[in-house]
Amino acid sequence: METNNEKEALFNPGCEPVVEDEERRRLLWLMAEYFRTIGYTDIKARLPGFMPPPILSGTIEDHRPDFTCRQSDSARTPIILEIVTPHMVDDPTAENRWSLLASAAKLYNAELHFVVPKWAANGPVDPGLKRRLARMELTANRVWTV
């Protein structure tokens, strides 16, 4: 019988079907419930009880978005959403992941959203994330502070 850790070992980092980090998971639950409440559809999340989003194939690494859904507009515009905790803002490994998510958003005519905690020990997270995205020449449709 496989344990959860053995199942997770089958996936490369960033491709696991469930987010294990407690802070990221909490923010992801909040956003999944919010989008469900406002009527968005085709919700996929890296959470227990949800179908995980598909893995995106990159040239260097593959990654699974934290969350995807479709808006309730006439075009059913897709959203790709990434949870970013304070320690992730300056994490060098995030660059490849975020670039892949941005490329996928362009390819699928999706909106790219980032979610950061409103409060952190070192101050607000969103200015640092926005500066990092600007240095990477990536544009987010929205940065949520929750």
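Modeller: At 69% relative accessibility, Glu 137 counts as exposed. The terms: buried is under 20% relative accessible area, exposed is over 50%, and partly exposed is in between, with a 1.4 Å probe and protein chains only. This is a predicted model, so local features need pLDDT of at least 70 and side-chain atom pairs count only at pLDDT 80 or more, while totals for chains, interfaces and linings use all residues. Residues are numbered from 1 along each chain as its sequence is written, and side-chain values use heavy atoms, with hydrogens and water left out.

Glu 137 is not a glycine, yet its phi is positive, about 60°. Its place is the loop between α4 (126–135) and β5 (142–145). Helices (H or I, at least four residues) and strands (E, at least two) are DSSP runs, numbered from the N terminus. Arg 76 also has a positive phi, near 50°, and is other than glycine. Arg 76 sits in the loop between β2 (67–70) and β3 (78–83). Arg 76 is partly exposed, at 39% relative accessible area.

Look at both ends. At the N-terminal end, Asp 21 caps α2: a side-chain oxygen lies 3.3 Å from the backbone nitrogen of Glu 23. That is a polar contact, a pair of N or O atoms within 3.5 Å; within protein, one must be able to donate a hydrogen and the other to accept it, and residues adjacent in sequence count only if both atoms are side-chain atoms. After α2 comes Gly 39, with a positive phi near 90°.

Next, the two sides. Arg 24, Arg 25, Leu 27, Leu 28, Met 31, Ala 32 and Phe 35 are the buried residues of α2. They lie on the same side of α2, because they cover an arc of only 165° around the axis. The arc is that of the directions from the helix axis to the C-beta atoms. An α-helix has 3.6 residues a turn, so residues three or four places apart point the same way. On the other side of α2, Glu 22, Arg 26 and Thr 37 are exposed.

The buried residues of α2 pack against β1 (41–45), β2, β3, α3 (94–107), β4 (111–116) and β5. Contact means heavy atoms within 4.5 Å.

Then the rings. The structure holds seven aromatic pairs. Rings of Phe, Tyr and Trp (its six-membered ring) pair if their centres lie within 6.5 Å; planes under 30 degrees apart are stacked, over 60 edge-to-face, the rest tilted. Trp 29 and Phe 50 pair edge-to-face, at 5.7 Å centre to centre and 65° between the planes. Trp 29 is in α2 and Phe 50 in the loop between β1 and β2, 21 residues apart. Trp 29 is partly exposed at 31%; Phe 50 is buried at 17%.

Tyr 34 and Trp 144 also pair edge-to-face, at 5.5 Å and 65°. Tyr 34 lies in α2 and Trp 144 in strand β5, so this pair ties together parts 110 residues apart in sequence. Tyr 34 is partly exposed at 37%, and Trp 144 is buried at 10%.
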